[in-house]
There are 2 protein chains.
Amino acid sequence: VNELDLIDWLRPRLPMRADVELGAGDDCALVRPDGGPLAVTVDQLLEGVHFRPEDDPAAVGWKTLAVSLSDLAAMGCAPRWAVTALGMRRGAAEDWPRRFAEGLGMCAREYGVALVGGDYTVGDGPISVSLTAIGSPFNGGPARRDGARAGDVLAVTGALGGSIRGRHLRFAPRLAESRSLCAHGGVRAMMDLSDGLAADLPRFCRASGVGARVHAATLPVHPDVPQAGQADPAYLHAMQDGEDFELLVALAPGRIDALMAGWPHPTPLTVIGECAGAADELVLVDPEGNAGDWPGGGYVHGDD
Amino acid sequence: VNELDLIDWLRPRLPMRADVELGAGDDCALVRPDGGPLAVTVDQLLEGVHFRPEDDPAAVGWKTLAVSLSDLAAMGCAPRWAVTALGMRRGAAEDWPRRFAEGLGMCAREYGVALVGGDYTVGDGPISVSLTAIGSPFNGGPARRDGARAGDVLAVTGALGGSIRGRHLRFAPRLAESRSLCAHGGVRAMMDLSDGLAADLPRFCRASGVGARVHAATLPVHPDVPQAGQADPAYLHAMQDGEDFELLVALAPGRIDALMAGWPHPTPLTVIGECAGAADELVLVDPEGNAGDWPGGGYVHGDD
């Protein structure tokens with residue numbers, strides 16, 4: 001397999017979009033925006049960090065696109081186009097690139113993303129993949145992370161923790177949920193939980209200049225979280241494990257009941273706390289009702 | 001250094017653009033296109049393939065952006081925004097990421113590109129970097145590679161060959177030259193020479209469904225090409241060495257003299273042949289005037 005083969009093989013397997021003037025194969029792709037801002041996000045996955053050599057290449061391909069779609073969802077945006085770069089490891093399984101492309105293509109079809117460009121190189125290192133996705137705001141979007149105010153309600157989609165057991169390779173980016181939240185009109189700020197609530201909520205609050213109070217008893221703990229011990233409670237896994245790819249959203253306090261009552265998705269939306277006035281002050285209320293310090297943990301890229 | 005440090009450090013060193021609504025630091029950047037198509041291109045560089053461990057990280061940073069700007073130039077487009085992903089090798093020199101960012105920032109300032117997003121991860125492998133650049137057509141652009149017709153004049157910017165001696169890390173993408181060519185109005189097709197004329201001209205001709213006749217004696221050979229031997233003539237280096245990042249352009253035959261006479265750039269534009277009618281038939285006329293087969297060579301990614 002070489003770059004030209006891979007592109008030729010992939011092309012008929014990809015969704016077409018009317019807003020693509022020229023797809024992969026030239027020096028650049030040409031796409032047609034339609035007014036309004038565009039959201040742009042880049043992510044990379046490294047073998048040995050984000051996936052293992054024995055992981056299914058198709059799952060890696062799915063994840064490669066899904067992490068960027070999660071960023072677009074967090075921004076209140078619908079995906080439109082993506083480009084990807086694949087740095088192969090010499091000696092990897094011969095069908096790795098095609099299996100990877102299969103998974104990537106499956107995700108692209110599922111969410112209507114046109115893959116309009118790629119770069120393929122073989123090197124000596126672990127496999128590295130990166131992907132850039134471009135999208136446009138949903139009605140009511142975009143949703144930045146710096147608009148939360150004291151008194152806003154904090155909520156998350158889905159359930160948290162234990163993603164490393166396999167879910168992190170096969171997750172569904174919360175695009176439909178983001179669309180509903182944006183349409184509701186009460187989104188003050190939003191982000192996706194990629195490094196765990198313990199690491200991500202401080203970033204969220206810092207961006208908005210608010211504090212927060214989170215109630216451990218309300219945290220939706222994923223069934224993948226292992227049996228809890230007293231020194232290692234399940235809610236800490238839910239906060240620290242990372243790679244949840246769920247939405248964290250600050251909602252204007254009015255009309256929350258209407259949003260919850262009319263929530264149309266199988267993935268739940270759960271209130272976990274509220275924004276507070278004192279900038280940067282984060283409080284975790286434990287299941288016994290005692291307010292305590294915010295736990296450390298979560299993942300900061302480059303610190304490991 | 002971690003991801004947040006690097007972004008914070010880089011931000012004040014980057015050019016601002018009025019069409020950036022929200023730069024790096026949120027889940028996505030928000031940019032404002034202004035009607036018309038956008039060109040999108042992605043490239044990656046792998047340590048051990050495109051650069052060596054001992055190469056200056058600032059030069060690698062420059063090259064990372066410059067290769068994508070070369071693609072935009074080849075498309076007849078001005079660059080606007082870029083995002084990049086850096087996969088660091090654990091144990092690399094501590095100042096590598098900042099030196100890299102310095103070189104990247106220098107190239108961004110030189111060509112007015114806003115870096116609006118990044119991803120930074122530390123892994124075990126050779127360093128991998130990828131970059132996606134987005135731009136808008138120059139007046140008279142965009143220039144695809146599939147518009148050449150029989151009788152069109154083939155020309156290249158600059159001089160070819162010997163880039164591996166160091167030029168490949170410090171080259172100037174031919175944006176100003178592309179702008180002039182597009183403004184001239186006679187561009188039928190254009191691409192950049194990244195893998196060598198020997199490999200790239202066949203792709204160019206295939207895209208347009210034409211043949212070509214190239215005159216070896218007219219090829220602009222770069223002074224970096226080593227002393228020629230009879231079995232290893234300089235013009236073959238010029239065709240096969242790769243990483244020239246010069247423009248190959250097919251021009252409508254009328255008004256070529258006017259274009260040449262009015263060419264305002266220190267980088268020359270040289271006529272090297274013409275497009276022919278028989279699709280895919282490529283002829284190289286040697287310095288003695290004998291028409292012969294097209295030489296092989298040049299670089300196909302993934303074939304090595």
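**Figure 1. Pro142(A) sits in the loop between strand 6 (128-137) and strand 7 (153-157) of chain A.** Helices (H or I, at least four residues) and strands (E, at least two) are DSSP runs, numbered from the N terminus. A cis peptide bond joins Pro142(A) to Gly141(A), with omega at about 0°. Turn to chain B and you find a cis bond between Gly141(B) and Pro142(B), where omega is again about 0°. Pro142(B) belongs to the loop between strand 6 (128-137) and strand 7 of chain B. Please keep in mind that this is a predicted model: local features need pLDDT of at least 70, side-chain atom pairs count only at pLDDT 80 or more, totals for chains, interfaces and linings use all residues, and side-chain values use heavy atoms, with hydrogens and water left out.

**Figure 2. Glu243(A) has a positive phi of about 55°, although it is not a glycine.** To find Glu243(A), look in the loop between helix 6 (234-240) and strand 10 (246-251) of chain A.

**Figure 3. Chain A meets chain B through 63 residues on each side.** Contact here means heavy atoms within 4.5 Å. Together the two chains bury about 5200 Å², of which 58% is on carbon and sulfur atoms; buried area is the accessible area (1.4 Å probe) that two parts lose on being put together, summed over both.

Figure 4. A salt bridge is counted when a side-chain nitrogen of Lys or Arg lies within 4 Å of a carboxyl oxygen of Asp or Glu, and chains A and B share 4 of them. The interface also has 20 residue pairs in polar contact, both residues being at pLDDT 80 or more. A polar contact is a pair of N or O atoms within 3.5 Å; within protein, one must be able to donate a hydrogen and the other to accept it, and residues adjacent in sequence count only if both atoms are side-chain atoms. Strand 3 (residues 38-46) of chain A gives the largest share of the side of chain A that touches chain B, with 8 residues.

**Figure 5. Strand 2 (residues 29-31) of chain A pairs with strand 3 (residues 38-46) of chain B.** The pairing is antiparallel and runs over 3 bridges; two strands pair if DSSP finds at least two bridges between them. Within this view, Ala29(A) faces Val40(B) in strand 3 of chain B.

**Figure 6. A rotation of 180° superposes chain A on chain B.** The shift along the axis is 0.0 Å and the RMSD is 0.0 Å, with copies superposed by least squares on the C-alpha atoms of residues with pLDDT of at least 70 in both. This is the relation of a two-fold axis. In chain A, the C-alpha of Gly125(A) is the nearest to the axis, at 2.3 Å. Both copies use the same surface, since 100% of the contact residues of chain A recur in chain B.

**Figure 7. Glu21(A) and Arg32(A) form a salt bridge within chain A.** Their closest N and O atoms are 2.7 Å apart. The pair links distant parts of the chain, 11 residues apart: Glu21(A) is in strand 1 (residues 20-22), and Arg32(A) is in the loop between strand 2 and strand 3 of chain A.

**Figure 8. Strand 11 (residues 269-276) of chain B runs antiparallel to strand 7 (residues 153-157) of chain B, joined by 5 bridges.** Here Thr157(B) stands opposite Leu269(B). Strand 9 (residues 211-215) of chain B is also antiparallel to strand 11, through 4 bridges, and Arg213(B) has Glu274(B) as its bridge partner.

Definitions and conventions:
Residues numbered from 1 in each chain as written. Chains lettered and ligands numbered in written order.
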